[in-house]
Amino acid sequence: MKIEVIKQNHTQAAVVDSRELLITDAASALDFMMTVTYETGCFNIAVNKEAVCDDFFVLRTCLAGEILQKFINYGVRFAVYGDFSKYQSKPLRDFMYESNHGTDIYFQPDASGAVAKLCGAAG
């Protein structure tokens, strides 16, 4: 797991890049969140899609809700970045669209987009 802290608009975000699965359930999400916030001091975290298990993107599993609730409860803003084109589910696409128009959870095509959202830049 590689972590880079990026500062933009007077706000810091931790960008995590991992080729191994880091988030597979609510417990691993909590462990991931606590590790990154402890190591970086950041309460804005972006992670590449490959580090999140595929069940997260199947809304009927309720895994996304369980995981994202952990981030919300601990006041950590969270972004997942990567290519989401393989997911054809309309409910998932709607969820991602609505999340991107909110203030705490984002799905972006790349790390720079995730940082821009987490650090308050328009777009």
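Me: How is the model to be read?
Reply: This is a predicted model, in which residues are numbered from 1 along each chain as its sequence is written, and side-chain values use heavy atoms, with hydrogens and water left out. Local features need pLDDT of at least 70 and side-chain atom pairs count only at pLDDT 80 or more, whereas totals for chains, interfaces and linings use all residues.

Me: Why is L63 called buried?
Reply: Buried means under 20% relative accessible area, exposed means over 50%, and partly exposed lies in between (1.4 Å probe, protein chains only). L63 has a relative accessible area of 11%, so the residue is buried. Its place is in helix α2; helices (H or I, at least four residues) and strands (E, at least two) are DSSP runs, numbered from the N terminus.

Me: What makes up the surroundings of L63?
Reply: Contact means heavy atoms within 4.5 Å. Not counting residues up to four places away in sequence, L63 touches T24, D25, A26, C53, D55 and F56. T24 is 39 residues apart from L63 in sequence, yet the two are 8.6 Å apart in space, C-alpha to C-alpha.

Me: Why is C62 called partly exposed, and why does H10 count as exposed?
Reply: C62 has a relative accessible area of 48%, so this residue is partly exposed. H10 stands at 78% relative accessibility and therefore counts as exposed. C62 lies in the loop between β3 and α2, while H10 is found in the loop between β1 and β2.

Me: What makes the phi of H10 and that of C62 worth noting?
Reply: Most residues other than glycine have a negative phi. H10 is not a glycine, but has a positive phi of about 65 degrees. C62, also not a glycine, has a positive phi of about 65 degrees.

Me: Why are β3 and β4 said to pair?
Reply: Two strands pair if DSSP finds at least two bridges between them. Strand β3 (residues 44–48) and β4 have five bridges, in the parallel sense, and the partner of I45 in β4 is F78. β4 also pairs in the parallel sense with strand β5 (residues 105–108), over four bridges. Here A79 stands opposite Y106, and Y81 opposite Q108.

Me: What makes strand β4 mostly covered?
Reply: Five of the five residues of β4 (residues 77–81) are buried. R77, A79 and Y81 are on one side, and F78 and V80 on the other. In a regular strand the side chains alternate between the two faces of the sheet.

Me: What is meant by a nonpolar core, and which residues touch the most other members of the largest one?
Reply: A nonpolar core is a set of buried Ala, Val, Leu, Ile, Met, Phe, Trp, Tyr and Cys residues joined through side-chain atoms within 4.5 Å. In the largest, of 30 residues, F32, F56, F57 and F78 touch the most other members. Helix α2 gives the most to this core, with five residues. A second, separate core of 10 residues includes A79, Y81, V115 and L118.
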